[in-house]
Amino acid sequence: MSLERGYVQASRTETGRLLATLAATRSGTIAECGTGCGVGAAWLRTGAPKETRVITAELDPELAHGVMDMFAADDIDVMHADWTSLGEHAPFSLIFLDAQSAKGWPHEEIIDLVEAGGMIVLDDFTPCATWPPLDRGRVDTLRQEWLADERFTSVDVMVAEDTSVIIAVKR
Ligand SMILES: C[S@@+](CC[C@H](N)C(=O)[O-])C[C@H]1O[C@@H](n2cnc3c(N)ncnc32)[C@H](O)[C@@H]1O
């Protein structure tokens, strides 16, 4: 579907493998904010145990309904909705923040969506070895805030030479 629609924002394979690996450790419900063409949801479903629910929300009607059709026979719940509607199905054992507005959402509200020991995952960071982290010469405040938040144990994982993923686990 990504290729058919010329959609270029799909999760990278390296990120997908990490999502599947994290999902393999999760019970309860896993959520994704921003379905796109369903690549991240497919990786999450592939890794998650059968009993673990996978739910994903997409604002764009064409994408949401296209992915609903594509996953009709799979155990993935696709919502055509703003990702904030996922809150009705919380708490989550993992939430993948892949819509731009979700990435910058106040931590207080994201924390409430996740159970203790639950994971928050954000991708598409530019690898950086300095502290504070920099992106194109400026402090990467999004990454800095997630890594410095003491309510989480967190790590920045370089999944490929040019991209990294933050995993924050709620204490
Ligand atoms: C980076 S793409 C998602 C890629 C997908 N998660 C994957 O792994 O392949 C971001 C998606 O978020 C959707 N989006 C943007 N704002 C949203 C919102 N408020 N609620 C739900 N989806 C949103 C966009 O339409 C876009 O499809």
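## Two cis peptide bonds

Pro132 is placed in the loop between β5 and β6, where strands (E, at least two residues) and helices (H or I, at least four residues) are DSSP runs numbered from the N terminus. A cis peptide bond, with omega about 0 degrees, joins Trp131 to Pro132. A cis bond also joins Ala90 and Pro91, with omega about 5 degrees, and Pro91 is found in the loop between β3 and β4.

The structure is a predicted model, in which local features need pLDDT of at least 70 and side-chain atom pairs count only at pLDDT 80 or more, while totals for chains, interfaces and linings use all residues. Residues are numbered from 1 along each chain as its sequence is written, and side-chain values use heavy atoms, with hydrogens and water left out.

## Overall form

The secondary structure of the protein comes to six helices and nine strands. With a radius of gyration of 15 Å, close to the 16 Å that the globule rule gives for 171 residues, the protein is as compact as a globular protein of that length; the radius is taken over C-alpha atoms, and the rule is 2.2 Å times the number of residues to the power 0.38. Along the principal axes, the C-alpha atoms fill a box of roughly 45 × 35 × 25 Å.

Of the 171 residues, 47% count as buried, where buried means under 20% relative accessible area, exposed means over 50%, and partly exposed lies in between (1.4 Å probe, protein chains only). Among contacts (heavy atoms within 4.5 Å) between residues at least 6 apart in sequence, 58% join residues at least 24 apart.

## Helices α1 and α2

The axes of helix α1 (residues 13-23) and helix α2 (residues 39-47) come within 7 Å and cross at roughly 40 degrees; axes are lines fitted to C-alpha atoms, for helices over the stretch in contact, and angles run from 0 to 180 degrees between N-to-C directions. On the α1 side the contact is made by Thr13, Gly16, Arg17, Leu19, Ala20 and Ala23, and on the α2 side by Gly40, Trp43, Leu44 and Gly47. By class, this contact has five nonpolar, four polar and one charged residues, with Ala, Val, Leu, Ile, Met, Phe, Trp, Tyr, Cys and Pro taken as nonpolar, Asp, Glu, Lys and Arg as charged, and the others, Gly among them, as polar.

The buried residues of α1 are Thr15, Gly16, Leu18, Leu19, Ala20, Leu22 and Ala23, and they pack against β1, α2, β4, β5 (114-125), β8 (152-160) and β9 (163-170). In α2, the buried residues are Gly40, Ala41, Leu44, Arg45 and Gly47, which pack against α1, β1, β2 (53-58) and β4.

## Glu32 in strand β1

Glu32 is found in strand β1 (residues 29-33) and is buried, with a relative accessible area of 1%. Leaving aside neighbours within four places in sequence, Glu32 is in contact with Gly40, Ala41, Leu44, Ile55, Thr56, Ala57, Leu86 and Phe96. Glu32 and Val121 are 89 residues apart in sequence, and their C-alpha atoms are 9.4 Å apart in space.

## Aromatic pairs

The structure holds two aromatic pairs; rings of Phe, Tyr and Trp (its six-membered ring) pair if their centres lie within 6.5 Å, and planes under 30 degrees apart count as stacked, over 60 as edge-to-face and the rest as tilted. Trp83 and Trp105 form an edge-to-face pair, 4.9 Å centre to centre with 85 degrees between the planes. Trp83 lies in the loop between β3 (77-80) and β4 (92-97), and Trp105 in the loop between α4 (100-103) and α5 (107-113), so the pair ties together parts that are 22 residues apart in sequence. Trp83 is buried, at 6% relative accessible area, whereas Trp105 is partly exposed, at 29%.

Trp146 and Phe152 form a tilted pair, 5.3 Å centre to centre with 55 degrees between the planes. Trp146 counts as buried at 0% relative accessibility, and Phe152 counts as buried at 2%.

## Positive phi values

Most residues other than glycine have a negative phi. Phi of Asp124, however, is near 70 degrees; Asp124 lies in strand β5 and counts as partly exposed at 48% relative accessibility. Arg136, with phi near 50 degrees, lies in the loop between β6 and β7 (138-139) and counts as exposed at 75% relative accessibility.
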